[in-house]
Amino acid sequence: MKDTAYTNLPLNVHTDNTYFSEPAGLQMFHLLEHTNGSGGQTILVDGFRAAKTLRDEDPTAYRILSNTRIPAHSSGNEGISIQPYTPFPVLNHHPVNGELFQVRWNNDDRATMDRWNDAEEVEQFYDAIKSWNDVLKRRESEYWEQLVPGKALIFDNWRVLHGRAVFDGKRRLCGAYISRDDFASRFLMTNTKKNDVLRAL
């Protein structure tokens, strides 16, 4: 696959599937083996916490990242160009209660901005993502974990951004996605009585 995930390069923290109309909800990594080398530590950042920090420190940047729509695509492989049905902002809020419910940030999957935004809006966007990137790269924002065979890492792809350090040697990693609706349903139905769920509809 023509994707940086299939290289040994370091990856800045990001959301997976920003080129889908609905990115995966839960994501799992399971390191199967890593031989004749080292490195590849996984980095996790709580996107909701980072967004709150940005809102407190730079409310203008927060507003811009909540309103500017960012085109995204996956077009590395022959015959494939996956794009969401519409561009989405980096920070997405519930239309009724206004709460942040999704972070969509993948700098490597962004497309050009000129079709959807005017020049002034694009310039403001780049100023905003500089502030956003500064928050994401703070040491206190980062959690590092070395994956090992036999231990799966599962996280919320709508909230937790992930990346990795450079590595060498042979590394095989297994991954999986589950939609947000599926895991939210399972969580609800395993923690609440069915009749209570139905009454709340």
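Guide: Asn36 sits in the loop between S2 and strand S3 (42-46). Keep in mind that this is a predicted model. The phi angle of Asn36 is near 55°. That is a positive value, and the residue is not glycine. Is Asn36 buried or exposed? Its relative accessible area is 78%, and the cut-off for exposed is over 50%, so Asn36 is exposed.

Now set Asn17 beside it. Asn17 lies in the loop between strand S1 (11-14) and strand S2 (26-35). Its phi is near 70°, again a positive value in a residue other than glycine. Its surroundings are another matter. Asn17 has a relative accessible area of 2%, and buried means under 20%, so Asn17 is buried.

Asn106 is in the loop between strand S5 (100-103) and H3. With a relative accessible area of 10%, Asn106 is buried. What does its side chain reach? It comes to 3.1 Å from the backbone nitrogen of Asp108. It also makes a polar contact of 3.0 Å with the side chain of Asp109. Set aside neighbours within four places in sequence, and Asn106 touches His14, Thr15 and Thr18.

Start with H2 (59-67). Which of its residues are buried? They are Ala61, Tyr62, Ile64, Leu65 and Ser66. The cover over these buried residues includes H1, S4, S5 and H3.

Look at H2 against H3. Their axes come within 9 Å and cross at roughly 115°. Angles of 65 to 115 degrees count as roughly perpendicular, so H2 and H3 are roughly perpendicular to each other. The crossing is left-handed. H2 brings Ala61, Ile64 and Leu65 to the contact. H3 brings Gln124, Phe125, Ala128, Ile129, Ser131 and Trp132. Sorted by class, the contact of H2 with H3 has 7 nonpolar residues, 2 polar and no charged.

H3 has another partner. The axes of H1 (residues 47-57) and H3 (residues 119-136) come within 9 Å. How do they cross? The angle is roughly 125°. H1 passes H3 in a right-handed crossing. On the H1 side, Gly47, Ala50, Ala51, Thr53 and Leu54 take part. On the H3 side, they meet Ser131, Trp132, Val135 and Leu136. The residues of this contact of H1 with H3 divide into 6 nonpolar, 3 polar and no charged. Ser131 and Trp132 are listed in the contact with H2, and also in the contact with H1.

Follow the chain on from H3. Ser141 lies in the loop between H3 and strand S6 (142-145). Its relative accessibility is 12%, so it counts as buried. A polar atom of the Ser141 side chain lies 2.9 Å from the backbone oxygen of Val135. Beyond its neighbours within four places in sequence, Ser141 is in contact with Leu44, Val45, Asp46, Arg49, Val135 and Leu136. Val135 and Leu136 also belong to the H3 side of the contact with H1.

Pro89 sits in the loop between H2 and strand S4 (91-93). It is at 8% relative accessibility, so it counts as buried. Which residues touch Pro89, leaving aside neighbours within four places in sequence? They are Leu65, Ser66, Asn67, Thr68, Arg69, Ile70 and Arg104. Leu65 and Ser66 are among the buried residues of H2. Pro89 and Gln102 are 13 residues apart in sequence, and their C-alpha atoms are 9.5 Å apart in space.

End with a strand. Ala176 is in strand S9 (residues 170-178). At 35% relative accessibility, it falls between the cut-offs of 20% and 50%, so it counts as partly exposed. Not counting residues up to four places away in sequence, Ala176 touches Leu26, Gln27 and Met28. Ala176 and Ala24 are 152 residues apart in sequence. In space, C-alpha to C-alpha, they are 9.3 Å apart.

Definitions and conventions: Residues are numbered from 1 along each chain as its sequence is written. This is a predicted model: local features need pLDDT of at least 70, side-chain atom pairs count only at pLDDT 80 or more; totals for chains, interfaces and linings use all residues. Side-chain values use heavy atoms; hydrogens and water are left out. Helices (H or I, at least four residues) and strands (E, at least two) are DSSP runs, numbered from the N terminus. Buried means under 20% relative accessible area, exposed over 50%, partly exposed in between (1.4 Å probe, protein chains only). Contact means heavy atoms within 4.5 Å. Axes are lines fitted to C-alpha atoms, for helices over the stretch in contact, and angles run from 0 to 180 degrees between N-to-C directions. A crossing is left-handed if the near helix is turned anticlockwise from the far one by less than a right angle, and right-handed if clockwise. Ala, Val, Leu, Ile, Met, Phe, Trp, Tyr, Cys and Pro count as nonpolar, Asp, Glu, Lys and Arg as charged, and the others, Gly among them, as polar. A polar contact is a pair of N or O atoms within 3.5 Å; within protein, one must be able to donate a hydrogen and the other to accept it, and residues adjacent in sequence count only if both atoms are side-chain atoms. Angles under 35 degrees count as roughly parallel, over 145 as roughly antiparallel, 65 to 115 as roughly perpendicular and the rest as oblique.
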